[in-house]
Number of protein chains: 2
Amino acid sequence: MPGRGQRDGSSHKPKLRRIKAKHQRKRVMRAKDPVLAVFMWGVQHTVNEVLASAETSLLLPEDFKAYSKIRVENQYFNKENLPGHFKFKEYCPRVFHDLRKRFSVDDSDFMMSLIEQPPRYMENPGRSGAKLFVSYNRKLVIKSITSEEVALVHQILQPYHAHAVTTEGKTLLPHYLGMYRLTVNNTETYWIVMRNVLSSSVTIHRKFDLKGSTVDRAATHKEKAKENPTLKDNDFLCTGERIVIGENRTTFISQLSADVQFLQGLNIMDYSLLVGIHDPSISSCGEVKENNDQESDEEEYEDMEHGDSRNVSSDELEVPHSPSSATGHSSDVCA
Amino acid sequence: MPGRGQRDGSSHKPKLRRIKAKHQRKRVMRAKDPVLAVFMWGVQHTVNEVLASAETSLLLPEDFKAYSKIRVENQYFNKENLPGHFKFKEYCPRVFHDLRKRFSVDDSDFMMSLIEQPPRYMENPGRSGAKLFVSYNRKLVIKSITSEEVALVHQILQPYHAHAVTTEGKTLLPHYLGMYRLTVNNTETYWIVMRNVLSSSVTIHRKFDLKGSTVDRAATHKEKAKENPTLKDNDFLCTGERIVIGENRTTFISQLSADVQFLQGLNIMDYSLLVGIHDPSISSCGEVKENNDQESDEEEYEDMEHGDSRNVSSDELEVPHSPSSATGHSSDVCA
């Protein structure tokens, strides 16, 4: 695996290692929900552990099979904040630490985004039944996954990491930032954290989940009835939206090509391009984005989930800053 | 148990609790010795945990039976710093947190004293066979104890804490600051941390372990042959040392009386007064205290151990700043 710096060989291991100590604290909010409380505790714990251990940055093949497990039993202690018994497992701590770095996500920001206030639950009517949370600051999405999906991520993690390295983090693929197993009340749940691609400060007025196919690619009536529906390829053609990317076009296309090539190499074809459109003509009419409106957030992320962002193979794009999200109309394929 | 502030009843439990987050780190040294490495890791972990949970300061009876256990299993992770498997248990976290406060030992200082550099091992030729370490800054002593001693500390912890409260921390008894169980390589060890009573910046030239008895109370020839022997009652009488406490006498005697009364109340009689004497006439002759001389430290603590400082019931005093550690000579009881 590529990487900067050098890992100390054991033969050169110094007697004492300089590591970082955690001794200063900032006030954060803990969640009442036990799973969420353990999640927040575990993220805090594991980020600090990886910071303490991450002197050497060259990843080895074994780092892709690594984990860190911790079991906590508190008797008459800390019951206000946490369940008395729980377990927390982080998968491939150094790999995700490295991915965060390559995706320009500072470890402290990552941690504080997840623990300063509890992530917010979002209704997810999607097919997967996955639970979705968004960090209080909207920067990160936390999604429940199955143990099979954990295995799948392990399978593709090494090429995925290599792709992040070769693209210098400039990939439109989901930015996976951490993967965990929680055991609370003897129930195991698995979670993956990724960057929220629709976290920009401007309102996304329309969203499309595009696969480049017209076969069975229209949003349902139920979906369309929503305030912020995620529309599909045929809807895109019907509404006649046209995306003019402008000066970033070359960069965008080359990113997309590299991503598609990567997915092809893994024989993955189940992916889509999530397009979020910010319409300045609407916003300029006096509409104000309510960044702190939880309900509005939930709608958005519910739809993002529907737009296959949950899938390892999905390919997402947000084009809210496109200088000319021009709209035209065409009814070529409309019924 | 006395205490300031109020503990939230569960009926008043807020949905979200403000706690403190650890997200800033300072560089520290980790130990190569696995037990020491786990000790340092555990102290860091538990101090942070108690700081995160210590919103409420009123101690309840259950706090004296409390513990916090953590088990860590790292696979291909953090092996440079820690064993792959270990367990760490802190006894009565909130009680010792409260004791540290009452003994004016800041939690962060406590933690950093123990983790910024590894504690130093000291030879302990004492009868107990206990292992002794001193923190790198000489402020704290770490001593191995038996599981029976852990049980004994639990037995006396409630009255001991009450004594610390009523004396406002001004007791000559050992200042117990933390008690832990470590499991490394499937071997359990128990440790207690206390303030180092001989940590002053001036050299202690003579040390006496005084029980107020002359029966079998002379240091052995072997002990006397040492560079810094711990002498006993008959040696004290022989050398004719006289301690003039000066203006602090009233305070000192009342502290001593309160401590003795406390020990009597628990039917404890196996205690002694550890007297360390700094002789300004020696120091003024050009002797320079080498604060960073590890070997010199070890000698001192070896003797402190010999001086029963290991015993729950011991009563220790350091009078290095006594304005007039005058010496007289008397041979009443000398052979």
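A residue counts as buried when its relative accessible area is under 20%, and the term is used in this sense for the close-up views of this predicted model.

**View 1. The aromatic pair of B:Phe208 and B:Phe236 is edge-to-face.** B:Phe236 has a relative accessible area of 16% and is therefore buried, while B:Phe208, at 0% relative accessibility, also counts as buried. The ring centres of B:Phe208 and B:Phe236 lie 5.1 Å apart with their planes at 80 degrees, so the pair is classed as edge-to-face. Because B:Phe208 belongs to strand S9 (residues 206-210) of chain B and B:Phe236 to helix H6 (residues 233-239) of chain B, the pair ties together parts that are 28 residues apart in sequence.

**View 2. B:Phe39 and B:Tyr180 form one of the 16 aromatic pairs that the structure holds over all chains.** This pair is edge-to-face, with 5.9 Å from centre to centre and 85 degrees between the planes. Since B:Phe39 lies in helix H1 (residues 34-53) of chain B and B:Tyr180 in strand S7 (residues 176-184) of chain B, the pair ties together parts that are 141 residues apart in sequence. Both B:Phe39 and B:Tyr180 are buried.

**View 3. An aromatic cluster in chain A is made up of A:Phe39, A:Phe88 and A:Tyr180.**

**View 4. Charged side chains sit over aromatic rings in chain A and in chain B.** In chain A, the ring of A:Tyr67 has the charged end of A:Lys89 over it, at 4.4 Å from the ring centre. In chain B, B:Arg100 lies over the face of B:Phe110, with a distance of 4.6 Å from the ring centre.

Definitions and conventions. Residues are numbered from 1 along each chain as its sequence is written. Chains are lettered from A and ligands numbered from 1 in the order in which they are written. This is a predicted model: local features need pLDDT of at least 70, side-chain atom pairs count only at pLDDT 80 or more; totals for chains, interfaces and linings use all residues. Side-chain values use heavy atoms; hydrogens and water are left out. Rings of Phe, Tyr and Trp (its six-membered ring) pair if their centres lie within 6.5 Å; planes under 30 degrees apart count as stacked, over 60 as edge-to-face and the rest as tilted. Helices (H or I, at least four residues) and strands (E, at least two) are DSSP runs, numbered from the N terminus. Buried means under 20% relative accessible area, exposed over 50%, partly exposed in between (1.4 Å probe, protein chains only). A charge sits over a ring if NZ of Lys or CZ of Arg is within 6 Å of the ring centre and within 35 degrees of the ring normal.
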